[in-house]
Amino acid sequence: MSYHWFKIFEKEERAEDYLQPNTFINFEFKGEKICVTRTSKGFYAFGDKCPHNGASLSKGFCTKKNEIVCPLHRYSFDLETGRATSGGAFAINLYPIEIKENGVYVGIKAKWWES
Ligand code: FES
């Protein structure tokens, strides 16, 4: 699986300063709306669209159980697996994050014709 990697911060420290715990920042890369958050367990990136009915997950909140809760019907999703922890058999799209010497990156899977 190959990825397009997008730099979202110049340094990890900069990301930590900017992204206070359980806050969100939104990006759009290659037409995909991505939300990045930081919890006590690290950085997470996920699609900013609830799989239940399309609400913006970045308007929700994170729990101490490392979940994102949708603002509309309050379904919750595990930030490690993407799977719903309440509400139904849904899952959010997760994007890998890599922290390197020269920045913090989010990966988007390359389409089959791009690899
Ligand atoms: S739209 Fe997110 S739980 Fe319904």
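Author: Strand β3, residues 32–39, is joined to β2 by 6 bridges, and the two run antiparallel. Within this pairing, Phe-27 has Ile-34 in β3 as its bridge partner. Strands here are DSSP runs of E with at least two residues, helices are runs of H or I with at least four residues, and both are numbered from the N terminus. Two strands count as paired if DSSP finds at least two bridges between them.

This is a predicted model, in which local features need pLDDT of at least 70 and side-chain atom pairs count only at pLDDT 80 or more, while totals for chains, interfaces and linings use all residues. Residues are numbered from 1 along each chain as its sequence is written.

The β2 and β3 strands belong to an open sheet of 4 strands with antiparallel pairing, in the order β2-β3-β4-β9. Its edge strands, each pairing on one side only, are β2 (24–29) and β9 (94–95).

In the whole protein there are 1 helix and 11 strands, arranged along the sequence as β-α-β-β-β-β-β-β-β-β-β-β. The radius of gyration, taken over C-alpha atoms, is 14 Å, close to the 13 Å that the globule rule (2.2 Å times the number of residues to the power 0.38) gives for 115 residues, so the protein is as compact as a globular protein of that length. The C-alpha trace spans about 40 × 35 × 20 Å along its principal axes.

Of the contacts with a separation of 6 or more, 39% are between residues 24 or more positions apart; a contact requires C-beta atoms, placed from the backbone, within 7 Å.

Notes: Two residues are in contact if their C-beta atoms, placed from the backbone, lie within 7 Å.
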